[in-house]
Structure formats: structure tokens, C-alpha cells
Amino acid sequence: MALPVERSDELDLEQLEVELLLEGIFRRYGFDFREYAPASLKRRLRRRMDGENVETVSALQDLILHDPAVMERLLLDLSVNVTAMFRDPGFYVVFREKVVPLLRTYPFVRIWNAGCATGEETYSLAILLEEEGIYEKTRIYATDFNQTALEQAREGVFPLERMRDYTANYIQGGGKRSFSEYYRAGYDGAQFPSALVRNVVFAQHNLVSDRSFNEFQVIVCRNVMIYFDRTLQERVHALFYDSLVTLGVLGLGRRESAAFTSFGDRYEPIDTDERVYRKVA
Ligand SMILES: C[S@@+](CC[C@H](N)C(=O)[O-])C[C@H]1O[C@@H](n2cnc3c(N)ncnc32)[C@H](O)[C@@H]1O
């Protein structure tokens, strides 16, 4: 006798398949997506299912567990690398006007740019620090869990057609020179000189499973935790809190906040719009 299949059963079944897939990925490859926000996760899984020509999450799981190349492709789908130079320029205005004066008081500054994607944010920070005359005493640790993105970041070649927008962002972000001084236009894009990232270490780091690796005066992590659920956000906040020196600065950008985490009252706002905080307790 065939059992009737309700729509809600199908949804439960798909949820079960997703959970099994994520558990499988974690145990086989060590990447932990179990606490990523479900809606965006499912959208990306569906995209990979279309790309691999399979109908069910279980069929995708079969491919992923047996073929690391499929895992690589899924990883690219899951790590949304959308970024831009001087993205949300208001953040850079705040950084220049309110964070740089604090950094001038330190003999040496360590900045952690977590979830740096293909490096546009890191190059922007380097430019700003250079213009403010504090780059020489600064080291930026730019991390992401996506190796392919990090390789692009190290190369420092960004699409030429985006330079017009980046120039506008740079100016709005309080840029002090002509933006075109910073890159050389070539056939394959706008090449930013490696000298610009002389004080940057690009390294793989997974915010979900890796520990802190230093103590920082500043942590910038924008547009990353939006993909995490509350539990995971809380864990990453704990990681950042533990990694900041007292009076250290946490820059989250407009889409995230420390307010509704258990660390909310341990920071005081430096800027409420751009969600820039200072660790006070
Ligand atoms: C949308 S980009 C943000 C890039 C940049 N911070 C910005 O605001 O333009 C999100 C980045 O977070 C990275 N990411 C996602 N989950 C991560 C994790 N668990 N550990 C480290 N990086 C992660 C992705 O690979 C991606 O490069």
C-alpha cells in the first residue's frame, strides 16, 4: 500500500537531507556549514544541484562525498564573495575620522580583516592607512576560508570596469589622492602593486572551526555573519571579543550588530550607523 505523501513531509524530508549533507561535509572535509542561515544555504545548494544535474539533496551528497572537485564547486557557491573597494564608503569615513586617531596612540597596530574575500576590502584599508601615515606600523591579517578567493587577493588584479565605481567610493570614503594613482590598467584588469600589501598577510582561516591566532587592536568583519545563524554569530562574537585588546575596535558595517549578542554591553559604540565599537569591559 502506498503511503500518502504530504507536502509538509516532503519539506521535512528535504530538511533531513540537508542536515545529513552538512554533517557529511563536516566529517569528510572539515567545513562546518551546520549553523549557516538555512534560507540562503538552501538556495545555494539548489544552485549546485542544478549545476551538477541532480534532482535531490541526497544525490548531491553522494557526489560530494566521493568527489572533492564537486565539494570545491559547492564551496564557491556557499562562500558569497561579493565585495567592492571602499564598499559602503561611510565606513571608511568613520575609520579615518574616529578610528585612525585611536590607532595613532599605539606603537604598533595589528588589524584582523576577517572574511576578506578577494581582497578589495583589505587593499582599501591599506590605502587608507598609507594616506593617514600609519601603515608602516601596521600589520593586516586578512583571512577567509576560501583559498581561491585568497589567491585572487594576493594577485591584486581587479576588474577594470569596476574602477569607475571604486573611484566614486574612494572619493566618498574621504580618499585624499587621485584613485588612478594606485593601479596600472592592463589587459587583464587593474593591477594594484604588491608594495601596497607589503604589510598584509593573507591566510586561510575558518571563523566557524579555527581559533584566534593573535591579539588585535582592530577587527573588521563586514558582510560575513549575515550568513550565520544566531548560535554561530554568538560564537564568532566570542572569538572576536577574545581576540581584541581592551579598548580595541570592532568594525562590523551596517548589516550586522553586536547589540543583540551577549557581548553587547561589553562594547561602546564609536559609530552607530557603521556599527563600529570599542571593547570597554
Ligand atoms: C560577502 S563576502 C564579504 C567580503 C568583505 N568583507 C566585504 O564586506 O566586502 C563574505 C566572505 O565571507 C567568507 N566566509 C563565509 N563563511 C566563512 C567562514 N566560516 N570563515 C571564514 N570566511 C568565511 C566568504 O568566503 C566570503 O569571502
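Let me start at the ligand, where a polar side-chain atom of Asp-144 lies 2.6 Å from an oxygen atom of the ligand; please keep in mind throughout that this is a predicted model. How much of the ligand's accessible area does the protein cover? Of the 600 Å² that the ligand has on its own, the protein covers 99%. In total 22 residues surround the ligand, and the closest are Tyr-36, Thr-83, Arg-87, Asp-144 and Asn-223.

Most residues other than glycine have a negative phi. You will find Asn-223 in the loop between strand E7, residues 216–220, and helix H9, residues 230–243. Asp-88 also has a positive phi, near 50°, without being a glycine, and Asp-88 sits in the loop between helix H4 (68–78) and helix H5 (89–103). With a relative accessible area of 19%, Asp-88 counts as buried, because the cut-off for that word is under 20%.

Now to the charged pairs, of which a search of the whole structure finds 17 salt bridges. In helix H2, which spans residues 38–52, Glu-52 and Arg-48 are four residues apart, about one turn of the helix, and they form a salt bridge whose closest N and O atoms are 2.6 Å apart. Arg-48 also meets the side chain of Asp-77 in a salt bridge, at 2.5 Å from N to O. Because Asp-77 lies in helix H4 and Arg-48 in helix H2, this pair ties together parts that are 29 residues apart in sequence. Both Asp-77 and Arg-48 are buried. Elsewhere, salt bridges that share partners join Arg-96, Arg-104, Glu-131, Glu-132 and Lys-176 into one network.

The salt bridge between Arg-34 and Asp-32, at 2.9 Å from N to O, pairs a residue that is partly exposed, Arg-34 at 36% relative accessibility, with one that is buried, Asp-32 at 7%.

Finally, let us turn to the surface, where Leu-13, Leu-16 and Leu-20 form a nonpolar patch with about 280 Å² of accessible area together. Leu-16 belongs to helix H1, residues 7–29, and its relative accessibility of 44% makes it partly exposed.

Note on methods:
Residues numbered from 1 in each chain as written. Predicted model: local features only at pLDDT ≥ 70, side-chain atom pairs only at ≥ 80, totals over all residues. Heavy atoms only, no water. Patch = residues over 30% accessible without salt bridge, like charges linked within 9 Å, V, L, I, M, F, W, Y side chains within 5 Å. Areas by Shrake-Rupley, 256 points an atom, 1.4 Å probe, with all protein chains shown as cover. Salt bridge = Lys/Arg side-chain N within 4 Å of Asp/Glu carboxyl O. Helix = DSSP H or I, 4+ residues; strand = E, 2+ residues; numbered from the N terminus. Buried < 20%, exposed > 50% of the residue type's maximum accessible area, 1.4 Å probe, protein only. Near = heavy atom within 4 Å. Polar contact = N/O pair within 3.5 Å; in protein donor to acceptor, adjacent residues only side chain to side chain.
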